[in-house]
Amino acid sequence: MSPVSLRRNVSRDHVIVCGDDGMSFRLVEELVHRHNEAVTVILPSKRRNHGPQISRVPTVRVVENEQLDADAFTAARIGHAKALALMVQDDVGNIHAAMRALEITDIRVVVRVYNTGLGTKIEGLLGDCVLLSDASMATPSFVAAALGQVEPRYLSIGDRTVFVTTPQAARSNDPVWPISSAESEILLPGDDVSADLVITATARRPRRLGERSRHRVRRLFSRFWDEMREILDRKLRFVTLFLVLVIAAGTFLIWDFHDQYDQTKSISWATAVYITLLAAAGGIDPDLAAPAAEKFAHTLVSFAGVLLVPVFTASIVENMVGRKLAMEAGRLRGPISDHVIVVGLGNVGTQIATQLNALGVPVVAIERDERSRGVDAAKGQGIPVVYGDASQLETLESAQARTCRALIAVTSNDIVNLEAALHAREMRDDLKTVLRLFEPDLAERVQRKFGLSSLSVAGVAAAEFAAAMTDQTVKGSIPVGRHLLLVGEVTIEAESDLDGHPVSEVAMDGHLRVMALSKGNGLMWAPHPNLVMTPGDRLFVLATRRGLSTLVNIAKVSQEPEPAQRPIVPPQNFRF
């Protein structure tokens, strides 16, 4: 029986989350504790995965159902829900469930996707539906932390691109808004504050060619050095070195003795090198008038040159064949330095390795499962993969952690990530390590106790998923450490508290800054504080969650507040 279609004339009093993994749990906590939303969760069982933790979150109602079908949505009262989040790790299943939900009722749907290419093509066809990738959200944070750079997060607002940069890198004619560090509770200080980072809006997207070129030049020099070490580190290295020294000595002898026996025909060092190279290549004519020492040098250099050709040929062939065999066996062929080790080729790890490789940074990946989809993706881009358990010291030795630039541990196991980071620190005290930890309390203690940088994919993405579910005024978000700044768009309504008032009355110290104002004829960036707002004007603001919520309330027509209703909390032993 097909479900009865419901529309928006019913009251919307809760949101629905579908899923029982760590990301779903973080999203539920974000919605309950920071957005004060009543949440209904659809999951297969309260006793599996993160079901027990989700069930213990206050005021959360749990619906147990193996499938996201019409019965599950009906039990979750989807007709009275404001938004639906599909967090199950199945793109096809999530899209199917979104289509089923939109057939039942008009509702805002937020879908977690893994295949971002598929999500981009389908998003516009599903109506009020937003497709987000937690891996894509978290990847820039891990890359920036490993390279010690500003996170490259870009948002397109009107005809400009909004992003975080340093005050020195911002263009003089572009508006800037200073932001505080992650340790400060005041994320948006006054304009007179000297900040290390600013948010700016530029007329065109900044090109990262300079950064990419810098990494590629650095990679070129390190790659040349590694190749030389690899050739000279083989069993033929002593023979090659000896022959090179013979040729160098022969050059000196030819220069010195030729000058002694014929003062009128003295030669320079450049000419001596020229004669030596010809002799080494076997293309010099014998000089019968030369002294015995120079004849000996000609002979020595000629034989050295003849022997040097097969030695180099053997080294190159051995290098090429050995490198191919090593790649197939999941180990590194030769020495490598100044690289970044990515532990775990899941969805997040694969995107991190791909982005680093695109920047020109040499990457070595460690993966335990040879059949992982990320292995094929990494090898397709020429990224070497080491098979093994990163919590074992031998695996890190195989990835040459002693000479790497940084280590990023992003497996789904907190213990493996922590062990890999600690082993790497034992090998090198100054090694930059970034690890993925799910538990926020553990992450804080690890950072405080061991000085290891830690990030949570769920922690970075949960706030953005929650914002997409609860507030359609949010145009995007910018992570600042463990906090989140929102870029919102709010329309001024007639007879609201902002109607007829200047822009200066909008700013909230530490919580909100006006970025642009639209009066129907384009955006005015950094509008004058005395500019009067009228009905229909659209404000684009940079704000904390508290600042944006306050702005939304005062931009609307004041209404009599409805009597507060006490939320219905089901008994703990009641099963839906």
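The axes of α1 and α16 cross at roughly 55 degrees and come within 9 Å. That puts α1 oblique to α16, and the crossing is right-handed. All of this is read from a predicted model. On the α1 side, the contact is made by Gly22, Met23, Arg26, Leu27, Glu30 and Leu31. Facing them, α16 brings in Ala458, Gly459, Ala461, Ala462, Ala463, Phe465, Ala466, Met469 and Thr470. Sorted by class, the residues of this contact come out as ten nonpolar, three polar and two charged.

Glu30 sits in helix α1, which spans residues 22–34. Its relative accessibility is 10%, and because anything under 20% is called buried, Glu30 counts as buried. What does Glu30 touch, once its neighbours within four places in sequence are left aside? The list is His35, Ala462, Ala463, Ala466 and Arg545. Of these, Ala462, Ala463 and Ala466 turn up again among the α16 residues in the contact with α1.

Helix α16 (residues 457–470) also packs against helix α6 (residues 134–147). Here the angle is about 125 degrees, and the axes lie 9 Å apart. With an angle like that, α6 and α16 are therefore oblique to each other. In passing α16, α6 makes a right-handed crossing. Asp134, Met137, Ala138, Ser141 and Phe142 are what α6 puts into the contact, and they meet Val457, Val460, Ala461, Glu464 and Phe465 of α16. That contact divides into seven nonpolar residues, one polar and two charged.

Turning to the strands, four of them form an open sheet in the order β7-β8-β10-β9, with antiparallel pairing. Which strands stand at the edges? They are β7 (154–157) and β9 (176–179); each has a single partner strand, so one side of each is left without a neighbour in the sheet. On average, neighbouring strands of this sheet are turned by 25 degrees against each other, with direction ignored.

Strand β10, residues 197–202, pairs with β9 in the antiparallel sense through four bridges. Within that pairing, Ile179 has Leu197 of β10 as its bridge partner. β10 is also joined to strand β8 (residues 160–165), this time by five bridges, and the two run antiparallel. There, Thr161 is bridged to Thr202 of β10. Is β10 largely enclosed or left open? Five of its six residues are buried, so β10 is largely enclosed by the rest of the structure.

Another pairing involves strands β19 and β21. Strand β19 (residues 512–518) runs antiparallel to β21, and six bridges join them. One of the bridge pairs is Ala516 with Phe540, the latter in β21. Strand β21 itself, residues 538–543, is mostly covered, with five of its six residues buried.

Terms used: Residues are numbered from 1 along each chain as its sequence is written. This is a predicted model: local features need pLDDT of at least 70, side-chain atom pairs count only at pLDDT 80 or more; totals for chains, interfaces and linings use all residues. Side-chain values use heavy atoms; hydrogens and water are left out. Two strands pair if DSSP finds at least two bridges between them. Axes are lines fitted to C-alpha atoms, for helices over the stretch in contact, and angles run from 0 to 180 degrees between N-to-C directions. Angles under 35 degrees count as roughly parallel, over 145 as roughly antiparallel, 65 to 115 as roughly perpendicular and the rest as oblique. A crossing is left-handed if the near helix is turned anticlockwise from the far one by less than a right angle, and right-handed if clockwise. Contact means heavy atoms within 4.5 Å. Ala, Val, Leu, Ile, Met, Phe, Trp, Tyr, Cys and Pro count as nonpolar, Asp, Glu, Lys and Arg as charged, and the others, Gly among them, as polar. Buried means under 20% relative accessible area, exposed over 50%, partly exposed in between (1.4 Å probe, protein chains only).
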